[in-house]
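Open the model in your viewer and keep the selection tool ready.

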Amino acid sequence: MMDQIVTAFGDGWRARVINNAPGDSWAHEAMETLATTGGIYLCTLRLWLDRFPLNSNKQKLALKTRLESSNNEEHIGAVNELVWWIFMQRIGLQSLPVPTSSAPRPDFQVKSSVDFFVEVSTLNISKSDKSKLENGEGIDLDHSETLRRILGKVTDVKQRQMSYGADQKQPCVLVLFDYTIWSAFPTKLFRFLADFLLGKEKGFQGLPGTLSALVYVERKMIDDRIAVNRDRSAIYYNPAANYPLAVGSFDLIRQFWRGICEIPPKPQEDFWIRL
């Protein structure tokens, strides 16, 4: 018997949103603008899910469940995996999802002249900042606190995914989408990260050698399409990596390597890469 086609955001999902989604859920805005921007957003994700090369309906259903989640963080995490897969296709990198296992594994294996793995994660608004917003308090810009949370992703939360790549004797890249409160503003966090990781502090030397590169990403919706900011997104190549990633692997965004050597993004007409 043929596998059933897995389709997201159908009538059943819409009914659940109306009756059960929390008041601050992303799904309410999508439903309220279903005839315009919300409908385009859902259609885009539905098409990407349909194209996503998973080997089984079980895996596709798991991703569908995360995409349809009314929980903002679960939904955004699943969306960002699809966004980065589409982005890699855009720059000519062919990738496949890594088969799931009981042990943590990276999200993708990229097939290129030198294969490497990619783990995608999201830096959400912190509980502290969320509480301040709910109480009507101001939130100070603090790159050091954001850096602390990023380092926690590298040294703790995603360490086992990074180790998987090293076990396969291949580079492993951690991609972080910034959803902190200040991510929508031009704060030049990408420059702060470069100074820490590759400048005088040589931050990479204190991080696991299993991390071949760190990618920082800012994205938003533009003209009803998901877009990545190529000017404020960046990749930082780890000169102390056990398995280094070749410089130039992601040339549509800023690239930083040894001694804060910077390679500007490949020229484009716009700062935003629409997917």
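## Stop 1: two crossing helices

This is a predicted model. Select helix H7, residues 143-157, and helix H9, residues 189-198. They pack at an angle of about 65 degrees, and their axes are 11 Å apart. The crossing of H7 past H9 is right-handed.

Now show the side chains where these helices touch. On H7, pick His143, Ser144, Thr146, Leu147, Ile150 and Leu151. On H9, pick Leu189, Phe192, Leu193 and Phe196. Which classes of residue make up the contact of H7 with H9? Seven are nonpolar, three are polar and none is charged.

## Stop 2: the largest pocket

Rolling a probe the size of a water molecule over the atoms shows where empty space is left. The largest pocket has a volume of about 1100 Å³. To find it, select Trp26, Glu29, Asn72, Ile76 and Tyr179. Of the 34 lining residues, these lie nearest the centre of the pocket.

Which one gives the most? It is H5, with four residues.

## Stop 3

Move to the second largest pocket, which holds about 620 Å³ of space. Select Arg66, Glu81, Thr100, Arg105 and Asp107. Among the 28 residues that line this pocket, they are the closest to its centre.

Helix H4 (57-68), H5, strand E3 (116-123) and H7 each supply at least two residues of this lining. H4 gives the most, with five. By class, the lining of the second largest pocket has 13 nonpolar, seven polar and eight charged residues.

## Stop 3: a lysine in H4

Stay on helix H4 and select Lys64, which lies in it. Is Lys64 buried or exposed? Its relative accessible area is 18%. Buried means under 20%, so Lys64 counts as buried.

What does Lys64 touch, once its neighbours within four places in sequence are left aside? Show Val6, Thr7, Ala8 and Leu49: Lys64 is in contact with each of them.

Terms used
Residues numbered from 1 in each chain as written. Predicted model: local features only at pLDDT ≥ 70, side-chain atom pairs only at ≥ 80, totals over all residues. Heavy atoms only, no water. Axes fitted to C-alpha atoms, helices over the stretch in contact; angles between N-to-C directions. Left-handed = near helix turned anticlockwise from the far one by under 90°. Contact = heavy atoms within 4.5 Å. Nonpolar A, V, L, I, M, F, W, Y, C, P; charged D, E, K, R; others polar. 1 Å grid on protein atoms, 1.4 Å probe; cavity = no way out; pocket = protein on both sides within 12 Å on 5 of 7 lines; lining within 4 Å. Points joined across faces, edges and corners; volume = space filled by probe spheres on them. Buried < 20%, exposed > 50% of the residue type's maximum accessible area, 1.4 Å probe, protein only.
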